[in-house]
Amino acid sequence: MGVILQSFGAAGEVTGSKHMLKTGGKKILVDCGMFQGRRAESDAKNREIPFDPETLDAVVLTHGHFDHCGNLPTLVKQGYTGNIYATSATRDIANLVLMDSAHIMAKDYEWLQKKDPKKAVFPPLFDERDVLAALERFVTLGFHRRFDLPAGVQAEFYNSGHILGSAFAKMGFDAPAGRREIIFTGDIGRRGMPIIPAPEPFPSADYLVCESTYGNRLHEPVNDSQRQLADVINETVKKGGKIIIPAFAIGRTQELIYFLHLLKDDNLIPDLDIFVDSPMAVNATSIFRVHPECYGEEIHRAFLDHHENPFGFSKLTYVTDAEASKKLNERKDPCIIISSSGMCEGGRILHHLKNNIGNPANTVLVVGFMAANTLGRMIADRLPVVRIFGDSYPLKSRVKILNTFSGHADYEDIRSYVKAMDLKRLKKVFLVHGETAALANLKQVLLGSGVAAVEIVEPGREYELA
Ligand SMILES: [Zn+2]
Ligand SMILES: [Zn+2]
């Protein structure tokens with residue numbers, strides 16, 4: 001039996017990342033993310049780990065986003081006892097994301113049960129104790145610290161420029177024909193984003209497992225995002241509306257806050273109240289403070305210019321208390337509310353959407369990728385009516401999509417990253433973490449750029465690495 005690559009998630013879709021390297025009788029899993037989308041379908045996929053967790057030998061985690069780390073507690077709950085390797089910032093973020101998820105699942109369950117005790121509901125996948133058990137399995141390593149995995153596999157993290165602590169992982173292994181190297185990109189960022197430095201160049205390798213989120217899209221230039229953000233805010237304020245921004249509490253929220261801070265300093269937006277309604281965002285901001293090793297040049301400068309805190313200023317309020325969060329609904333005057341979850345799958349953003357999408361004066365500002373079948377996607381696609389907490393609400397507010405904030409490379413970025421590799425050595429690129437059209441386009445783009453072979457990974461299928 002040779003060396004096998006097999007994906008159990010984010011194959012032919014974006015969420016649920018789970019990629020396995022099987023070599024020398026050992027199994028190494030890269031990421032163990034949560035599927036997000038239609039409730040019943042994702043619940044079934046998340047509950048059922050498609051391999052025996054007890055027989056798994058190691059887990060390597062690329063970054064702390066929910067679709068990459070979200071189902072680690074289930075893996076441990078179902079018998080995984082090995083190590084979970086990650087950077088220390090990723091471990092801290094995963095802690096926050098998983099604890100928050102346990103909390104949200106418990107709350108949602110309670111709420112749905114109260115609403116309709118007869119209706120079948122989905123009990124939480126895991127609780128806080130399961131999260132703690134998963135956290136105990138973490139082994140943390142900085143970028144460029146080579147580490148040993150079972151079956152003689154050697155691994156190393158590189159900065160992938162996507163969120164704080166995010167990494168792509170290179171692994172060396174013995175194939176029948178000699179030593180080989182494979183890179184798992186995790187999610188790969190862009191050059192010129194605030195806070196996080198640009199992704200490092202991919203080193204030379206034989207195989208690349210590459211994300212494809214925006215495989216058929218081109219982003220507007222990063223340096224235009226501040227102006228576009230200011231325009232949306234000014235237009236909405238003129239109509240007397242509120243700006244509701246669903247955002248990942250970690251990463252995207254800090255970027256928004258940082259940009260709002262700069263816009264305020266330059267008087268480019270009115271003096272309105274800004275609420276970050278997410279208990280997690282407060283903790284996330286403290287994680288940013290203790291991981292200066294992950295900053296780029298720009299944020300170092302920002303810390304100096306703003307005498308310590310680019311994530312705090314006079315009109316900005318972090319809302320942690322649930323009562324204070326509900327009070328925001330009574331506000332009539334224009335304000336900005338940033339809340340999570342980013343894809344509107346749960347959390348306080350649901351209440352803000354419920355209360356605000358019926359008013360044409362308001363704007364829902366979409367700043368991140370919305371996976372298929374999530375509420376966020378339905379809003380981004382401007383469906384006339386959306387369902388929130390089981391009830392129907394007409395979508396009358398303006399919906400504005402600003403993809404300049406995307407933390408993902410577009411297809412030109414990916415083309416340039418891959419082209420910079422040693423293409424004579426690169427045997428094959430495996431495409432994952434994308435929807436059908438994105439995967440198909442990125443395949444053509446890479447083939448057209450001199451990559452020898454490109455494979456769109458099918459879930460469960462075994463690919464031999466020669
Ligand atoms: Zn991510
Ligand atoms: Zn992802």
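1. The model is predicted: local features need pLDDT of at least 70, side-chain atom pairs count only at pLDDT 80 or more, and totals for chains, interfaces and linings use all residues. Residues are numbered from 1 along each chain as its sequence is written, while chains are lettered from A and ligands numbered from 1 in the order in which they are written.

2. The protein chain is assigned domain 1 (3-217 + 407-465) and domain 2 (222-405), the bounds coming from an automatic or database domain assignment. Between the C-alpha centres of domain 1 and domain 2 the distance is 26 Å. Contact (C-beta atoms, placed from the backbone, within 7 Å) involves 30 residues of domain 1 and 31 residues of domain 2. On the side of domain 1 that touches domain 2, 13 residues are nonpolar, ten polar and seven charged. Here Ala, Val, Leu, Ile, Met, Phe, Trp, Tyr, Cys and Pro count as nonpolar, Asp, Glu, Lys and Arg as charged, and the others, Gly among them, as polar.

3. An open sheet of mixed pairing is formed by seven strands in the order β6-β5-β4-β3-β2-β1-β22. Strands are DSSP runs of E with at least two residues, helices runs of H or I with at least four, numbered from the N terminus; two strands pair if DSSP finds at least two bridges between them. Because β6 (138-140) and β22 (462-465) stand at the edges with a single partner strand each, one side of each has no neighbour in the sheet. From one strand to the next the twist averages 25°, with axes as lines fitted to C-alpha atoms and angles from 0 to 180 degrees between N-to-C directions. Within this sheet order, β4 (residues 58-60) and β5 (residues 84-86) are parallel, with two bridges, and V60 lies opposite Y85 of β5.

4. Strands β9 (residues 167-175) and β10 (residues 178-184) are antiparallel, with seven bridges, and a hairpin of two residues joins them. F184 of β10 is the bridge partner of A169 and also stands opposite V209 in β11. Strand β11 (residues 207-211) runs parallel to β10, with three bridges.

5. Ten of the 14 residues of helix α7 are buried, so the rest of the structure largely encloses α7. Buried means 20 or more other C-beta atoms within 10 Å of a residue's own, exposed 12 or fewer, and partly exposed in between, with C-beta atoms placed from the backbone. Among the buried residues are R252, E255 and H261. Just after α7, N267 has a positive phi of about 55°.

Notes: Two residues are in contact if their C-beta atoms, placed from the backbone, lie within 7 Å.
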